[in-house]
Structure formats: structure tokens, C-alpha cells
Amino acid sequence: MIWGECGVEGDQVVVALRGWRRIVATRGTIRFPLASIVRIDHDPSARAHVIIGLHQWRKHGQGVWRVGTYHGLDGWSFWSIGLGRNAVLIECSGERLHYVVIEVEDARRTVREIRVAAAKVTGLLPGGLEASPPAPARGPDRRDSRDQGELATGDN
């Protein structure tokens, strides 16, 4: 089931809900800058990773669906998911919403598109690692003690 859409417009991420979810959530669309993204993943078990306070203590988990803005131990989060099979978890920094969790049609494609767009804005690689200059080349006979230990134990 598709609970909403998540895409990139310019230098912002736009999350738009569909159908009755727009009414229940009281916010049909949210926007935040690509530069604020700390992490984005396809996470079917997002409910276990983002704690939203007392709602977490209900018998048998959190219920079938979660829509709207919630306050938890980690701050504010915005949700639009059912079972969560295609849930995209976005963690932000410097924004009111610390987490955005939305179930989309194709989670892997959505994550890939946002990572590539964020890489252009922030200078990070699509995997989330900072681009670093290449290490200086060493000669074949110049090894430090750590390299010797790795060779001796076979941990290459």
C-alpha cells in the first residue's frame, strides 16, 4: 500500500501524503532541506528504531498504522506508514522534525534518488560517507607495526 510520496524539488525533500492520510495527519505536505539529512534508509522496522514515548508501550506493538506528528524521546517525528514494508526512514539534524518515516511505492528507488540529490548539495557520497582525499602512496617495504600485526594474524 502506498501511503505517500517522497521526492526532491530543488534543494528540498518534499513528502506528500495521499487520500485520507492527509486529513488524519493534519499536514498533507512537509518540506525540509536536503542539507539537513543525516541518514536515509529503507527500514521496514522503523517503529522499533524511532521511539515515540507512551505509544511504544501499547499491547502488541503500535497498531496497524501510524499517521501524523509524534513527540518522543528523540524529538519530533512525522509518520505515514501501515505495515511498514516499504518504509523510508529519514533522520534530520537542525530541523523541528528529527525523523520522517513514510511508506512509499518503491523505497529503494526513493532512498537512492534522495541520496544522490543530497550528495550534490552536501558533498557527501551517496552511501553517506564523506568524500576524502586519497591516502598517500606508500612503498612496498614501508609498513607500520599495525600493518605487520594484520599480516601476521591474517585479518586482511
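Me: Which strands does helix H3 (residues 107-122) lie across?
Reply: Helix H3 lies across S4 and S7, running at about 155° to S4. The angle is taken between N-to-C directions on a scale from 0 to 180 degrees, with axes as lines fitted to C-alpha atoms, for helices over the stretch in contact (heavy atoms within 4.5 Å). This is a predicted model, where local features need pLDDT of at least 70, side-chain atom pairs count only at pLDDT 80 or more, and totals for chains, interfaces and linings use all residues. Residues are numbered from 1 along each chain as its sequence is written, and side-chain values use heavy atoms, leaving out hydrogens and water.

Me: Why are S4 and S5 called edge strands?
Reply: The open sheet has the order S4-S7-S8-S6-S5, with mixed pairing. S4 (37-42) and S5 (66-72) each have a single partner strand, so one side of each lacks a neighbour in the sheet.

Me: What makes strand S6 (residues 75-81) mostly covered?
Reply: Five of its seven residues are buried; buried means under 20% relative accessible area, exposed over 50%, partly exposed in between (1.4 Å probe, protein chains only).

Technical notes. Two strands pair if DSSP finds at least two bridges between them. Helices (H or I, at least four residues) and strands (E, at least two) are DSSP runs, numbered from the N terminus.
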